[in-house]
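Hi,

Here is the structure I promised to pass on. Have a look first, and my notes follow below.

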Amino acid sequence: PDDSGRSDTLLLARLDPGAGTASLLSVPRDLLVSDPATGADVRVNELGAAAQVAVAESQLGVPVDHVVEVGPDGFRALVDLVGGVEVRVDAAVRDTESGLFLDELGCVTLDGEEAVALVRSRHRETLDDSGRWVVDPMGDLGRAATQRAVVVAALADLAGPVDPISVDRLAGWLAEHVTVDAALEGGDLADLVRAALAVDPAAVTVAQLPVTTAPGDASRFAVDEGLAPEVVDAFRAGQPVP
């Protein structure tokens with residue numbers, strides 16, 4: 001959730017410990033869904049965690065076993081815990097609303113504060129060859145793609161032999177910064193940490209839930225009923241997402 005308590009990022013994650021693989025499916029925060037309690041059309045990020053789970057299961061067709069909530073401070077702490085995340089910068093980028101400003105080109109290591117500014121950027125501008133700042137037309141969908149990439153980068157920094165020290169460090173971060181459901185609190189959290197550490201970052205599949213512009217509201221999205229079922233079916237089965 002962001003500072004207002006609303007979900008800034010919604011990611012469905014599928015973890016297969018036996019195969020050492022994982023899949024990430026982004027759900028746009030501006031997706032219009034039916035409120036499970038009232039039936040009214042609402043943005044999915046206006047709902048609480050329990051209602052979002054109900055939406056994922058009944059309206060998107062993705063069963064949810066566990067819920068993990070991380071705020072900006074927690075994400076910032078995670079990036080600093082792994083020593084930063086490395087990104088490739090091909091041109092100067094900025095977002096005056098999120099505080100993003102990167103003008104060093106090439107491979108750059110971002111600290112927690114810079115990474116938060118990057119993943120929260122939805123009004124990103126790029127400096128072109130003529131010296132003009134050009135707005136990224138992808139907006140929130142572009143931000144979601146960045147978020148998936150940064151999550152994979154963080155996994156890459158955590159990857160390696162699953163040793164007790166690594167598990168303890170990540171478990172400490174979880175205890176301080178992450179809210180989880182009752183089942184994870186009951187003892188499955190350590191298993192989840194070990195499974196996440198065992199994932200090969202190269203085996204992580206990332207995708208965006210196919211959406212289209214909502215009828216009558218160009219600032220909102222609706223599920224693309226033609227493309228979404230194939231993507232959701234592949235995600236749910238642990239298969240490559242088309």
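The radius of gyration of the protein chain is 18 Å, which agrees with the value near 18 Å that a compact globule of 242 residues would have. That radius is taken over C-alpha atoms, and the globule rule is 2.2 Å times the number of residues to the power 0.38. Along the principal axes, the C-alpha atoms fill a box of roughly 55 × 45 × 35 Å.

Before the rest, the ground rules: this is a predicted model, where local features need pLDDT of at least 70 and side-chain atom pairs count only at pLDDT 80 or more, while totals for chains, interfaces and linings use all residues. Residues are numbered from 1 along each chain as its sequence is written, and side-chain values use heavy atoms, with hydrogens and water left out.

Of the 242 residues, 42% are buried (under 20% relative accessible area; over 50% is exposed and in between is partly exposed, with a 1.4 Å probe and protein chains only). If you take contacts (heavy atoms within 4.5 Å) between residues at least 6 apart in sequence, 59% of them join residues at least 24 apart.

The chain carries 17 positive and 41 negative side chains, and the centres of the two sets lie 4 Å apart. Lys and Arg count as positive, Asp and Glu as negative, with His and the chain ends not counted; each charge is placed at NZ of Lys, CZ of Arg, CG of Asp or CD of Glu.

Now some local spots. Helix α2 covers residues 72-81, and its buried residues are Pro-72, Gly-74, Phe-75, Arg-76, Leu-78 and Val-79. After α2 comes Gly-83, with a positive phi near 85°.

Strands β14 (residues 211-214) and β15 (residues 217-223) run antiparallel and are joined by four bridges; pairing takes at least two DSSP bridges. Thr-212 has Ala-222 in β15 as its bridge partner. The two strands form a hairpin with two residues between them, and Gly-216 in the turn has a positive phi of about 80°.

Finally, Pro-36 sits in the loop between β3 (32-34) and β4 (41-43). Its relative accessible area is 45%, so Pro-36 counts as partly exposed. Beyond its neighbours within four places in sequence, Pro-36 is in contact with Leu-47, Ala-51, Ala-54 and Val-55.

Cheers
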